[in-house]
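Welcome, and take a moment to look over the chain before reading on. The notes below walk through it topic by topic.

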Amino acid sequence: MISISVTALVFGVVFLAELPDKTALAGLVLGTRYRASYVFVGVAAAFAVHVVLAVAAGSVLTLLPQQLVHALTGVLFLGGAAMLLMKKDDDDEQVKAPRDQSFWRVSGAGFMLILVAEFGDLTQIMTANMAARYDDPLSVGLGAVLALWAVAGLGIVGGKALMKRVPLALITKIAAMLMLALGVWSLYEAIA
């Protein structure tokens, strides 16, 4: 059974944390050069792989005592908030483009770019945290993958317009505050 509240919470946190990430910029760059649907297929497949790995890792953590899991996820959320607040812009990153416009080349380039760039990324670690925290792998996985796909879609189709209207610094601060709140809440539950 899928928990709508867990799915929505995970979606919100992962969405806000991924928006200022370099992969949104990479999707934007690839989307401006190539057919958006081809880019999205590759990027979406890579994000799905990352979410499955993160949820599996988080599910293993649920085997530990509950207080330890709360303390561990609290510390990791606080670390994630600190990382977001101290993050520097990655605007000067270059994205190598495939030589032709075929579906397999373009989607393959998007897949490999995200697969490599996102491995061990903050949102993957956050997804593992939330899988451990809520012990609901299906809801966490669904929320995370939908958030990552939404950010990818925004980056590919309308990233420039969004960034003109909402400052990246504000998005980053909101994501950091959400993670800070989750970290404090998890530590409180570990102590209580």
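Leaving aside its neighbours within four places in sequence, which residues is Leu9 in contact with? They are Tyr134 and Leu182, where contact means heavy atoms within 4.5 Å. What you see is a predicted model, in which local features need pLDDT of at least 70 and side-chain atom pairs count only at pLDDT 80 or more, while totals for chains, interfaces and linings use all residues. Residues are numbered from 1 along each chain as its sequence is written, and side-chain values use heavy atoms, with hydrogens and water left out.

**The chain as a whole**

- The chain has eight helices and zero strands; helices (H or I, at least four residues) and strands (E, at least two) are DSSP runs, numbered from the N terminus.
- Read from the N terminus on, the elements run α-α-α-α-α-α-α-α.
- Of the 192 residues in the chain, 43% are buried. Buried means under 20% relative accessible area, exposed means over 50%, and partly exposed is in between (1.4 Å probe, protein chains only).
- Accessible areas come from the Shrake-Rupley method with a 1.4 Å probe, and for residues only the protein chains shown count as cover.
- Among contacts in the chain with a separation of 6 or more, 93% are between residues 24 or more positions apart.

- Leu9 sits in helix α1 (residues 4-18). It counts as partly exposed because its relative accessibility is 28%.
- Leu9 and Ser139 are 130 residues apart in sequence, and their C-alpha atoms are 9.7 Å apart in space.
- Gly74 belongs to helix α4. With a relative accessibility of 0%, Gly74 counts as buried.
- Between Gly74 and Val184 there are 6.3 Å from C-alpha to C-alpha, although the two are 110 residues apart in sequence.
- Setting aside neighbours within four places in sequence, Gly74 is in contact with Gly183, Ser186 and Leu187.

**Where α3 meets α5**

- Two packed helices are described by the angle between their axes and the distance between the axes.
- For α3 and helix α5 (residues 103-117), the angle is about 35° and the axes are 7 Å apart. Axes are lines fitted to C-alpha atoms, for helices over the stretch in contact, and angles run from 0 to 180 degrees between N-to-C directions.
- The crossing of α3 and α5 is right-handed. A crossing gets that name if the near helix is turned clockwise from the far one by less than a right angle, and is left-handed if anticlockwise.
- Residues of α3 at this meeting include Tyr38, Val39, Gly42, Ala46 and Phe47, while those of α5 include Phe103, Val106, Gly110 and Phe111.
- Ala46, in helix α3, counts as buried because its relative accessibility is 0%.
- Apart from neighbours within four places in sequence, Ala46 is in contact with Phe111, Ile114 and Leu115.

**Loops**

- Gln101 lies in the loop between α4 and α5. A relative accessible area of 43% makes Gln101 partly exposed.
- Beyond neighbours within four places in sequence, Gln101 is in contact with Arg33, Tyr34, Arg35, Tyr38 and Val106.
- Gln101 and Arg33 are 68 residues apart along the chain, and 9.3 Å separates their C-alpha atoms.
- Asp135 is found in the loop between α6 (122-134) and α7 (137-165). It is exposed, with a relative accessible area of 54%.
- Asp135 has a positive phi of about 50° although it is not a glycine. Most residues other than glycine have a negative phi.

**A nonpolar surface patch**

- Leu64, Leu68, Leu72, Leu76 and Ile125 make a nonpolar surface patch of about 380 Å².
- Patches are made of residues with over 30% relative accessible area and no salt bridge; like charges are joined within 9 Å, and nonpolar side chains (Val, Leu, Ile, Met, Phe, Trp, Tyr) within 5 Å. A salt bridge is a side-chain nitrogen of Lys or Arg within 4 Å of a carboxyl oxygen of Asp or Glu.
- Helix α4 (residues 66-86) gives the largest share of the patch, three residues.
- Leu64 is in the loop between α3 (36-61) and α4, and counts as partly exposed at 34% relative accessibility.
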